[in-house]
Each structure stands twice: as structure tokens, then as C-alpha cells.
Amino acid sequence: MSEDTLQIEVNGQTLQARKGQMLIEVTDAAGVTVPRFCYHDKLSIAANCRMCLVDVEKMPKPVPACATPVMDGMVVRTASERALDAQQAVMAFLLINHPLDCPVCDEGGECDLQDTALGYGQTGSSYRESKRTVVSKSIGPLIATEMTRCIHCTRCIRFGEEIGGIQEMGGTGRGEQVRIGTYVGKSIDSEISGNMIDLCPVGALTSKPFRFTARSWELTRDPSIAVHDPIGSNLEVHSLLGEVKRVVPRENDAINEIWLSDRDRFSYLGLTADDRLLTPQIKENGDWRVASWDEALQVAAEKIKSLVNNRGAEEIATLAGPSQSNEDYFLLQQLVRGLGSKNIDHRLRQGDFSGSLGAGAHANPQAINTLQACDMVVLVGSNLRKDQPLLWVRVRNALRDRDVKLVVINPQDYDLTLTPDHAFIGSPDQMSVDLAAVIKSMPDSAGIVIDGWQESLTEDLHRQAAELISNAQFPCVVIGNQAFASDNYSLLRDLASLLAEKATCNLIELSFGANSHGAWQAGAVPHRGPGQSAVNEVGLNAQQMFDKSLAGYLLLGVEPEHDSWNSGAALQALQQAESVVVLNAFATDAMRDYADVLLPIAPFTEHSGSMVNLLGQRQDYRANVKPKGAARPAWKVLRVLADQLNIDGCDYEDLQQLSAAF
Ligand code: SF4
Ligand code: FES
């Protein structure tokens with residue numbers, strides 16, 4: 001037994017513990033039940049609810065298990081008469097002011113207070129006075145408040161301070177007058193605010209969009225994967241009678257812990273948006289009409305055939321969004337290459353392709369561990385907090401354990417909720433100048449040659465930043481979405497890589513969408529086939545496809561007028577095209593203007609597939625509900641389209657066969 005290992009006895013059972021652990025951590029690990037409200041293993045200890053009182057031998061009165069460090073030889077009873085008396089007394093005290101409105105509370109059925117009251121509550125109350133009531137205020141469109149139910153556990157406050165990075169909730173008043181809320185009536189703006197709903201142990205904070213739409217026990221709960229950022233957060237889709245009612249996080253400590261960003265939690269609301277495309281449609285004489293799948297696919301196939309025959313396959317551009325499934329990308333590139341076209345890409349937001357021929361999707365299996373363990377982060381062109389909120393949470397986790405230094409080289413002064421130690425804010429061109437100046441100020445950088453570099457560009461701030469980076473024990477460099485979308489991305493990427501090399505650290509490359517790694521692996525780029533194999537002839541990249549204004553466009557899960565680096569050029573090219581065939585879950589006004597055929601595809605809750613995340617992990621997901629209207633999984637639509645176009649190698653019988661081919 002090491003010096004740090006202690007032995008304690010809990011309910012007659014001998015347990016090993018580490019020095020410094022709290023009693024509740026040891027009992028939790030051993031599966032011993034201790035009731036609690038304020039304690040949460042992802043938050044600091046507040047010890048304010050007293051629900052976790054336990055009986056410790058030689059202690060004059062029960063002690064809170066969440067705030068009592070273990071001691072060698074400690075004898076603990078969690079369910080002795082003294083412990084139970086204390087727990088029941090606290091429960092009775094907490095219920096004095098609780099409205100007990102479970103029948104009309106959205107938390108009912110999944111409420112910690114309700115569950116704990118079942119075990120520790122009494123059948124009646126001796127309290128005869130009036131209950132306290134608290135007026136609830138609106139704190140924004142996502143979280144509904146019913147503050148009379150609040151038990152002042154402060155989990156929401158600690159979440160804001162420790163995880164979210166902004167103290168949006170707080171407490172005022174004392175005793176019975178304590179009020180929890182936002183300061184001076186502000187709304188909640190955190191990009192991960194929905195997690196407070198999960199943390200609240202009562203129905204004080206509930207989901208506003210979900211409110212009164214279903215009871216929790218009626219819901220079917222299916223696992224799935226988030227589609228908004230490259231980490232592939234694990235989530236659960238809750239549905240009732242074929243309708244998605246809400247989305248909540250699914251615990252995966254290696255990826256999203258227990259958190260979910262608001263965009264992944266609440267974007268399910270778009271599934272029933274007015275512009276949802278639910279029927280195949282074709283344009284005739286400038287007017288849209290609903291068509292059967294057979295007819296719409298036939299028209300789409302004819303348009304594509306006509307382009308190939310009359311204009312040549314090289315006049316067809318194929319563009320996909322960065323969050324389609326691996327199977328969709330694989331089949332799409334089979335179809336396009338089967339037509340004889342080489343023009344396929346998913347990188348619509350990339351601003352510069354000059355160095356991309358040799359580049360691939362750089363999965364980084366250590367990305368999350370690195371951010372959690374680092375003591376220095378260099379952000380290059382990244383608003384990490386908003387773009388990849390759960391990666392930013394990892395940096396905040398690191399901050400709880402150690403002093404993490406931050407250097408940012410950004411095109412805007414983003415509100416990161418942390419004050420950087422050094423911030424270089426300038427135009428996209430200036431980012432590369434600052435990055436080069438920091439590299440040239442690193443020790444042993446004399447031999448490094450950077451084109452166009454002049455010593456006069458280096459200032460004291462660059463030298464100080466370089467010193468900070470070189471003194472760090474565990475630095476990391478993150479190149480983010482703003483760099484990706486800048487018109488000198490290739491240079492920034494090379495420089496970021498050089499800095500990582502000089503600092504002997506990990507370079508974390510972030511991308512748009514949830515599955516650009518899968519798109520690369522499937523060959524949805526103009527210069528790589530499946531498995532990133534070489535291609536005989538390189539096609540046009542996304543930017544070139546719009547700049548050259550081709551005759552025909554095949555779009556999959558993308559709205560180029562919104563999703564492109566140069567949306568003006570994209571829209572113009574699409575409007576001038578001879579034919580545009582769109583496979584999408586939504587139809588925008590612009591799309592109705594430029595498209596000729598609209599084929600409705602199923603969004604992620606309505607089809608099965610797989611994606612590859614930033615860590616390089618392939619994650620499968622299954623359809624949670626049936627496709628709405630006539631929508632169909634994109635791979636099925638592509639498969640039939642390929643059949644109509646007589647393209648070989650696309651006749652997969654089912655998703656399993658297709659997944660295996662990918
Ligand atoms: S609102 Fe909920 S999480 Fe916040 S203090 Fe009250 S009970 Fe705790
Ligand atoms: S859980 Fe220990 S005091 Fe609240």
C-alpha cells in the first residue's frame with residue numbers, strides 16, 4: 001500500500017481511498033448510496049445543502065460526506081439511525097419551501113429532489129406557515145425558470161464560473177431571502193448554457209423549447225452523434241411518437257464528458273422548420289411542383305446526362321457539406337467519378353488552397369487530452385470558445401488545475417472569457433506576420449527561413465510571447481476556423497506547424513462541420529480518392545468550381561449561398577448554371593431560385609450512418625425517428641441516382657454493405 005493510500009470502513013466494508021479524497025468520492029466509487037444535491041463530481045465543492053450528512057465514528061455530529069476528507073481508519077456509517085435522522089431532517093427542511101408541484105413540473109420523473117424525497121422524505125410536514133414564493137424572470141429563449149422550486153444548491157452558479165467561464169447566475173440575499181438568478185435581469189448568453197438544465201437537481205431550470213411537450217417517462221431515448229463540431233459529441237435523442245422532443249448529452253469522458261453545446265442541444269428545433277424540404281420537387285417553366293421520387297430522380301438523371309453529353313463531365317461541379325455521413329461521401333464520389341468528373345469537394349469555407357494538394361485531414365487522437373493537460377495554448381485564427389465550445393471547456397478544465405498561459409493570434413478580439421497573456425489582433429495577413437515574428441523569436445530559430453521575413457517586424461511582445469511558449473512544460477498550438485477561412489490559410493498552417501515543431505508540441509487542426517475527416521477519408525476532395533489514395537487527375541477545388549462558373553452543380557447537404565468562403569461568387573455561379581440538382585433537408589429561397597430539382601434528404605435524426613471525429617475515431621449513429629414526409633437517407637437517393645445514370649460500383653444493397661466498402 002503506497003503512502004497515499006488509506007483504508008476506511010464504510011458500513012462495515014473496508015475501502016481503499018487516496019489521501020485528499022472526499023468521503024463521497026470513495027462511497028461513490030464503491031457504489032454506496034449517499035444522497036446529495038449540491039455535490040457534483042464535475043464542479044467544485046460547495047457543501048451547502050447538507051443532504052449528504054453521514055455518521056462518522058468519534059465525530060460529535062453527522063458530517064457532510066462531500067466536504068469531509070478521508071482519514072486512515074475512519075469508520076463511516078451512511079445509513080445508521082444518526083445518519084438517517086440527519087438526512088431526513090435536511091430533506092424535510094428543503095421541502096418546507098418547495099412547491100411540490102411535480103404534476104405540472106417538467107422535471108417530474110427525472111428530478112433528484114423527487115427521487116431523494118421518495119427515499120428520505122416523510123409522508124407529511126409539520127410546517128404550517130405559508131410557503132415562500134419567488135417570481136421567475138425570463139433569462140433567455142433556452143432556459144425556463146421556476147425559481148420557487150430552487151433549493152439554492154448553487155450548481156448553476158458554479159457551472160458558469162468553472163465550466164462556462166462566465167458568471168451569469170448568482171445569488172443575492174440571505175436565509176429565506178436568497179434568490180438565484182442572472183445579475184440585473186440579464187439573459188444567459190453562454191454557448192453551453194443548456195448544461196445548467198441537466199445540472200439543476202430540481203425543476204427550477206428546465207428546457208424552454210421542450211416545456212410541456214412530453215413527460216420524461218414517455219420518451220424513447222436513442223444514442224446519436226452531434227453534427228455541429230468535429231469532436232463528435234455523444235448525445236441522446238429523445239422522441240415521442242416519431243417526433244424528436246429534445247436532445248441531451250450522453251456521457252463520454254473521452255469526448256464531451258457530460259456536456260453538450262447549445263447548438264447541438266437545441267438545433268433539433270430546425271427539424272420542423274418551415275423551410276424543411278419534405279417532397280421531391282422539380283422546376284417547370286420557372287415554377288416549382290411536387291413530383292414523385294421516380295419522376296424527380298429521372299429528371300435529375302436526365303439533367304446530369306445532358307450535362308455530360310453536351311458540355312462534358314468536367315463541366316459538372318459536386319459539392320457536399322462538411323457534416324454528411326461517411327457513407328454519403330463515399331457514394332457521392334463514386335457517382336461523380338463514375339460520371340468522369342473530377343470536381344468534388346466539401347471544403348466550401350476554406351479560403352486558400354495553394355498548399356492543399358499534399359494536405360489531408362489531420363486527425364489528432366491526442367487533441368482533447370492535450371488541451372486538458374496543457375499549460376500553454378497558442379490559438380491561431382480561432383474563436384475556440386464559440387467554434388468548438390467543448391474543446392474550450394477542456395482548456396477551462398486545465399485552468400482549474402494549473403496556471404494556463406494563453407497567446408492568441410486572431411483576426412478579431414474574440415471574447416474568450418479569459419484574458420490572454422499576449423494577444424496579437426490584426427488582419428488575416430497580419431496573423432501570419434505575428435506568427436512568423438513569434439517563431440523567429442523562439443530559441444534556436446536563427447536557421448529558420450520564412451519567405452518575406454524582415455527582422456524589423458519583430459517587437460518586444462513577440463519576444464515575450466515566444467519566451468512564454470518556450471518556457472511552457474506542455475504547450476500546444478491550435479489552428480482554427482478563422483485561419484481555415486482566411487485567404488492565406490496555407491501559409492498560416494505551415495507557420496503553425498513550424499511553431500509546434502519549435503515548441504515540440506502538438507498541433508491541433510480544427511475544421512468546419514462534424515465530418516470533414518470522414519469526407520477526406522471517403523475521397524470527397526478533388527485530389528484524393530477513398531482512403532486518401534492518389535488520383536490520376538486533380539479536379540477543381542470548391543473555390544475554383546465557383547470561380548469558373550461551371551455548367552452544372554450537384555449539391556449534397558449544403559447551401560453554398562450561406563456556407564461558402566465567397567458566398568457572392570457561389571450564388572452567382574449557381575444562378576448562371578445550366579442545371580443545379582440539390583439533395584438537401586431544407587430549401588432556402590435562394591435555392592429555389594437557382595435549383596432545377598430538389599431531392600429531400602433525411603437529417604441526422606432520421607438516417608443511420610457513421611462519422612469520423614477530430615480524434616480519428618469512427619462513430620456510428622442510428623436513425624432515431626422515421627424520415628419526415630418523403631425525405632430519404634442521402635445514400636439511398638445517391639444509390640438510385642447512380643443506378644439511373646448506369647454508374648457501376650454503387651449498387652450497395654444496404655447500409656452495412658456500403659459502410660464496409662468505406
Ligand atoms: S436554480 Fe437549480 S441549479 Fe441553480 S441553485 Fe437553484 S436548484 Fe441549484
Ligand atoms: S451534497 Fe454534501 S452538502 Fe450538499
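## Helices H12 and H15

Let's start with a helix pair: helix H12 (residues 428-440) and helix H15 (residues 489-502) have axes that come within 10 Å and cross at roughly 20°. Here helices (H or I, at least four residues) and strands (E, at least two) are DSSP runs, numbered from the N terminus. Axes are lines fitted to C-alpha atoms, for helices over the stretch in contact, and angles run from 0 to 180 degrees between N-to-C directions. H12 and H15 are therefore roughly parallel to each other; angles under 35 degrees count as roughly parallel, over 145 as roughly antiparallel, 65 to 115 as roughly perpendicular and the rest as oblique.

On the H12 side, Met-431, Ser-432, Leu-435, Ala-436, Val-438 and Ile-439 meet Leu-491, Leu-492, Leu-495, Ala-496, Leu-498, Leu-499 and Lys-502 of H15, where contact means heavy atoms within 4.5 Å. Sorted by class, the contact of H12 with H15 has 11 nonpolar, 1 polar and 1 charged residues. In this sorting Ala, Val, Leu, Ile, Met, Phe, Trp, Tyr, Cys and Pro count as nonpolar, Asp, Glu, Lys and Arg as charged, and the others, Gly among them, as polar.

## About the model

This is a predicted model, in which local features need pLDDT of at least 70 and side-chain atom pairs count only at pLDDT 80 or more, while totals for chains, interfaces and linings use all residues. Residues are numbered from 1 along each chain as its sequence is written, chains are lettered from A and ligands numbered from 1 in the order in which they are written, and side-chain values use heavy atoms, with hydrogens and water left out.

The protein chain has 22 helices and 26 strands. Along its principal axes, the C-alpha trace spans about 90 × 65 × 50 Å.

## H12 meets H13

H12 also packs against helix H13 (residues 460-471), at an angle of about 60° and with the axes 8 Å apart. That makes H12 oblique to H13, and the crossing is right-handed. Asp-434, Ala-437 and Val-438 of H12 make the contact with His-462, Ala-465, Ala-466 and Ile-469 of H13. By class, this contact has 5 nonpolar, 1 polar and 1 charged residues.

## H4 and H11

Helix H4 (residues 155-164) and helix H11 (residues 389-401) pack at about 95°, their axes 8 Å apart. H4 and H11 are therefore roughly perpendicular to each other. Glu-161, Glu-162, Ile-163 and Gly-164 in H4 meet Val-393, Arg-396, Asn-397 and Arg-400 in H11. The contact of H4 with H11 has 2 nonpolar, 2 polar and 4 charged residues.

## Around ligand 1

Of the 14 residues around ligand 1, Cys-150, Cys-153, Thr-154, Cys-156 and Cys-200 come nearest; a residue is near if one of its heavy atoms lies within 4 Å. The shell has 11 nonpolar, 2 polar and 1 charged residues.

## Asn-252

Asn-252 sits in the loop between strand E12 (243-249) and helix H6 (262-266). Not counting residues up to four places away in sequence, Asn-252 touches Asn-234 and Glu-257.

How values were computed
Left-handed = near helix turned anticlockwise from the far one by under 90°.
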